[in-house]
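I opened a notebook page for this structure. I wanted a record of what I looked up, in the order I looked it up.

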Amino acid sequence: MATPLNETCATLERSLRERVPPLLTDLYQFTMAYAYWRAGRHNEPAVFELFFRDNPFGGGFSLFAGLSDCLLFLLNFRFTSEDVEYLRSVLPVDTDPDFFTYLKGLDCSAVSISAVAEGTVVFARVPLMEVSGPLAVVQLLETSLLCLVNYSSLVCTNAARFRLAAGPERRLLEMGLRRAQGPDGGLTASRYTHIGGFDLTSNALAGHLFGIPVAGTMAHSYVTSFSSLEEVWPQILAPCGGGDPIDFMCLVKGWLGHVCQLLGAKPQGVREGELAAFLSYAIAYPRNFLPVIDSYSVGCSGLLCFCAVALALCELKYQPLGVRLDSGDLCRQSVEVRHAFRECSKRCRSLYLCQDNEIDVVGVGTHLVTCTSQPSLGCVYKLVEVCGRPRMKLSEDPEKSTLPGRKAIYRLLDTEGQALFLILPTAAL
């Protein structure tokens, strides 16, 4: 049964509120907010812009991501009594007590956001978000909004690069949770690589929270946990269309002899434990048989075991899905595996799948979620206007100077259909 939309929204809101409370920010945001409040400037209308200075990965674009999280964060922005008491304990002792009363009443009801759409292609120095509202409040939002946008946009862009490299047909599986920078990094990666073009995730919580299709096979530990065919239980499997269960182990052993003869392989090279693992898994999941075949040797054992079990499944009218390659020369191994499938198809009925039913999936983990070639997008959050008057940062580093004033952004197309950005001060419109 599908989860009702309002229930899903409530789950997302609760998850974000727990992961990104208002205290998830730098302490100096509170000291500046206090100074604004002490000077009576805290309610002055102010505008900040969020942008990045350089396109990531040496490329020509980025994808903007994190907007939905930012909006949920603003919706739930309130300090609890516990938050305020903590701030009382860490701010200087001469902080006016009335400031803490002010914090208790803060929310983002007076804050406005203008932004490009989630998942939009964006470029360096183009404002991604414009945040306007009372000066002290929009100052307090800086670190949290940057945290929500920086990594989300970076990993989303990284995913898009993988999608472009893989082409439109091949399916992509994100499987980087175990290598991610903490649980929230893993969850964020799963969500925003999906927006960036990945089809599937191995992250079960991301599937639950965000509705991303989940997928998984088996780990090497499952294969290495078996050492003998005696560990396989049960040893029988009923045909897909119904009928009496048959001795599946005996059927697989028969097919193993055929496969070894067909592929010119030595039966003594087959790992009995690997064959036992594949047998056991196929009996448990006959409709989802997709094992990892490089726990020992792909050519001498893993591939032979897979073909024998897969052919036995085919005989019982089940359809094996394929294999997972996890190490070594993946290109060479994939060619060898495909060759074995074709040989088995020609002489041993229907192991090799026809093209329109073939499943080709690439799983990417560490290099995807950790963004190995560039660990940070470098988004910044800069003040551009206070009380309707432009503000500009001048720096000894010209790269860090900012353009003053609010801006309107237009995307134009050149004569070849390439997208260009035009940024104009709103005063010029």
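The entries below go from the overall layout to helix packing and then to backbone details.

**Entry 1: the model.** I noted before anything else that this is a predicted model.

**Entry 2: domains.** I looked up how the protein is divided. I found domain 1, covering 13-169 + 371-422, and domain 2, covering 220-359. I then looked up the spacing of the two domains, and their C-alpha centres lie 52 Å apart.

**Entry 3: the database record.** I checked UniProt, where an unreviewed entry places the feature "domain: Nicotinate phosphoribosyltransferase N-terminal" at residues 23-150. Over residues 23-150 I found 42% helix and 17% strand. The end C-alpha atoms of this stretch are 18 Å apart.

**Entry 4: helix 11 against helix 13.** Two packed helices are described by the angle between their axes and the distance between the axes. I looked up both values for helix 11 (residues 248-263) and helix 13 (residues 298-315): the axes come within 8 Å and cross at roughly 125 degrees. The angle therefore makes helix 11 oblique to helix 13. The crossing of helix 11 with helix 13 is right-handed.

I also looked up which residues meet. On the helix 11 side they include Phe248, Leu251, Trp255 and Leu263. On the helix 13 side they include Leu304, Cys307, Val309 and Glu315. By class I noted 15 nonpolar residues, no polar ones and one charged one in the contact of helix 11 with helix 13.

**Entry 5: helix 11 against helix 12.** The axes of helix 11 and helix 12 come within 11 Å and cross at roughly 130 degrees. That angle makes helix 11 oblique to helix 12. I noted a right-handed crossing for helix 11 and helix 12.

In this contact, Phe248, Met249, Val252 and Leu256 of helix 11 meet Leu275, Leu279, Ala282 and Ile283 of helix 12. I noted eight nonpolar residues in the contact of helix 11 with helix 12, with no polar and no charged ones.

**Entry 6: backbone.** Most residues other than glycine have a negative phi, and most peptide bonds are trans. I looked for exceptions and wrote down two.

- Trp233 and Pro234 are joined by a cis peptide bond, with omega about -5 degrees. I placed Pro234 in the loop between helix 10 (220-224) and strand 8 (236-237).
- Arg125 is not a glycine, yet has a positive phi of about 65 degrees. I placed Arg125 in the loop between strand 4 (121-122) and strand 5 (129-134).

How values were computed. Residues are numbered from 1 along each chain as its sequence is written. This is a predicted model: local features need pLDDT of at least 70, side-chain atom pairs count only at pLDDT 80 or more; totals for chains, interfaces and linings use all residues. Side-chain values use heavy atoms; hydrogens and water are left out. UniProt positions are given in the numbering used here, feature names are shortened, and annotations may be inferred rather than shown by experiment. Helices (H or I, at least four residues) and strands (E, at least two) are DSSP runs, numbered from the N terminus. Axes are lines fitted to C-alpha atoms, for helices over the stretch in contact, and angles run from 0 to 180 degrees between N-to-C directions. Angles under 35 degrees count as roughly parallel, over 145 as roughly antiparallel, 65 to 115 as roughly perpendicular and the rest as oblique. A crossing is left-handed if the near helix is turned anticlockwise from the far one by less than a right angle, and right-handed if clockwise. Contact means heavy atoms within 4.5 Å. Ala, Val, Leu, Ile, Met, Phe, Trp, Tyr, Cys and Pro count as nonpolar, Asp, Glu, Lys and Arg as charged, and the others, Gly among them, as polar. Domain bounds come from an automatic or database domain assignment.
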